[in-house]
Amino acid sequence: MSTGTRMVRLLGTVSLLCGILIVGTNLATSSRIRHNQEIIMRDSVAELLPGIQKQIIYAIEPSGELKIVAGIEAGGPRLFAGYDGAGKFLGVVIETSDRGYADVISAMYAYSIEKQAITGFKVVDMRETPGLGDRIRSDPEFEKNFEDLDATHPIKTVKHGTKKNPWEIDAISGATISSRAVGRMLAKSVEDVTPVVLKNRERIERGN
Amino acid sequence: MSEISCHGSGETAITAEGNPFRNGLWKQNPVFVMVLGMCPTLAITNSVRNAVSMGLATTFVMVCSYGLISMIRTLIPKQVRIATYIAILATAVTVVDYLVKAISIPIYVALGAYIPLIVSNCLTLERAEAYAGKQPVIKSMLDGLGMGCGFTIALIMLGAVREVLGAGTFLGVHLFGSHFEPWVLFLLPPGGFISLAMWLLVFAAWKERSAKRAAAAQEEAAA
């Protein structure tokens, strides 16, 4: 057997074995991972809407209608409407995602219907560079962008230290790509999802 | 048995002689002797919990992949050995990634970004090339276990210094009263470098002292 054939055979066999191992582990752990992701989602919603006692999860159907779903199984963007113990409406949290520097960044943001502004932001999953891009999860200065981010105007990420308008996000110095990804995901989600929220405002506030 | 030069320190010579498990633990400790795998060493050692998790994840990857690499070592053509090692290491890392994601959310949140880095940790590839690709299965797995445990111990030593000084806690338990002012610098990247330098200084001083004592004992014996 020639060396070339040996190399192809060996690499093919190793790749096949590796593929089987990865797929097998994925299948064996997927339900548990889904369960954990659901816990992360619920915790994130609770953090973004303090005082929440009850939540209703809505999936947005392709027709633009809202459909109540049980949990994480729904595909597409979801809305989490939060209520306190007395059933009073507290606000909505919307999930969003976009491609970051290393991989897809998944996040959630609190949207105030009254102010039509983003009032909180939390990264749920990401693979951004440790020490640089991953600061979108923990940088207190970056978090300040989302205290009252105007959502009536297209959201835009600007260079660090140049933020002038309430709809702009001040990027993290050294993590421009990750900061821009956050701006993009919010701008797109606000454009696509908030009209549905505003259209169904009464229904969401009633919780049905 | 041949001597293999180590990429990390540039001076250290690694021999395949001796007990492969004990070598990794101390004599050829990957962090304090070979100075390998500095990325996770400096990045995640801001708490003992992170250090233990990263150490165990790396140990698991090394033991499993070295076993497999050693098993097929005679079948691997020389030209594609690095590609084969990386495929096997990357598979083990992906498996660990899924397992951590399924087992513990706090650990996944703390280590999520670092787990994929295990595959590019020069320690894992260096030992695959220098040891597992040449030695029998059991010895290779023992080497992986020893190196992994040595790596974990080093991370814990660094993590302990940084967590105690930087947060005033050990494994999340407060050690000092409310009057303690944490030295936050130790939780930040410069704290990683300072802690590592301190440990390296301690070991260098200890090594020098031991060498002087040995030399004195030799002189005495000769006299």
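A crossing of two helices is right-handed if the near helix is turned clockwise from the far one by less than a right angle. The model described here is predicted.

Start with chain A. Five helices and nine strands make up this chain. Read from the N terminus, its elements follow the order α-β-β-β-β-β-β-α-α-β-β-β-α-α. Along the principal axes, the C-alpha atoms of chain A fill a box of roughly 75 × 40 × 30 Å.

The opening helix of that order is H1(A), residues 3-48. One of its residues takes part in a salt bridge. A:Glu47 pairs with A:Lys122 through their side chains, at 3.6 Å from N to O. A:Glu47 belongs to H1(A), while A:Lys122 sits in strand S6, residues 117-125, so the pair ties together parts of chain A that are 75 residues apart in sequence.

H1(A) also reaches across to the other chain. Its partner there is helix H4 of chain B, residues 81-103. The two axes come within 8 Å and cross at roughly 10 degrees. Angles under 35 degrees count as roughly parallel, so H1(A) is roughly parallel to H4(B). The H1(A) side of the contact includes A:Leu10, A:Leu11, A:Val14, A:Cys18 and A:Leu21. Among the H4(B) residues they and their neighbors meet are B:Ala83, B:Ala87, B:Ile88, B:Val95 and B:Leu99. Sorted by class, the contact of these two helices has 15 nonpolar, seven polar and two charged residues.

Now take the two chains as a whole. Chain B gives 28 residues to the contact and chain A gives 23. The size of an interface is often given as the accessible area lost when the parts come together. Between chain B and chain A, about 2,200 Å² is buried. Carbon and sulfur atoms give 71% of that area.

How many salt bridges are there between chain B and chain A? The count is one. B:Asp97 forms a salt bridge with A:Arg127, and the closest N and O atoms are 3.0 Å apart. Over all chains, the count comes to 17 salt bridges.

Move on to chain B and its helix H6, residues 122-132. Two other helices of chain B pack against H6(B). Take H7(B), residues 137-167, to begin with. The axes of H6(B) and H7(B) come within 11 Å and cross at roughly 150 degrees. Angles over 145 degrees count as roughly antiparallel, so that is how H6(B) runs relative to H7(B). H6(B) passes H7(B) in a right-handed crossing. From H6(B), the contact uses B:Leu123, B:Arg127, B:Tyr131 and B:Ala132. From H7(B) come B:Lys139, B:Ser140, B:Asp143, B:Met147 and B:Phe151. By class, this contact has five nonpolar, one polar and three charged residues.

The other neighbor is helix H3 of chain B, residues 48-71. H3(B) and H6(B) pack at an angle of about 30 degrees, with their axes 10 Å apart. This makes H3(B) roughly parallel to H6(B). H3(B) passes H6(B) in a right-handed crossing. B:Thr58, B:Met62, B:Tyr66, B:Ile69 and B:Ser70 supply the H3(B) side. They meet B:Leu123, B:Thr124, B:Arg127, B:Ala128 and B:Ala132 of H6(B). Here the residues divide into six nonpolar, three polar and one charged.

Conventions:
Residues are numbered from 1 along each chain as its sequence is written. Chains are lettered from A and ligands numbered from 1 in the order in which they are written. This is a predicted model: local features need pLDDT of at least 70, side-chain atom pairs count only at pLDDT 80 or more; totals for chains, interfaces and linings use all residues. Side-chain values use heavy atoms; hydrogens and water are left out. Axes are lines fitted to C-alpha atoms, for helices over the stretch in contact, and angles run from 0 to 180 degrees between N-to-C directions. Helices (H or I, at least four residues) and strands (E, at least two) are DSSP runs, numbered from the N terminus. Angles under 35 degrees count as roughly parallel, over 145 as roughly antiparallel, 65 to 115 as roughly perpendicular and the rest as oblique. Contact means heavy atoms within 4.5 Å. Ala, Val, Leu, Ile, Met, Phe, Trp, Tyr, Cys and Pro count as nonpolar, Asp, Glu, Lys and Arg as charged, and the others, Gly among them, as polar. Buried area is the accessible area (1.4 Å probe) that two parts lose on being put together, summed over both. A salt bridge is a side-chain nitrogen of Lys or Arg within 4 Å of a carboxyl oxygen of Asp or Glu.
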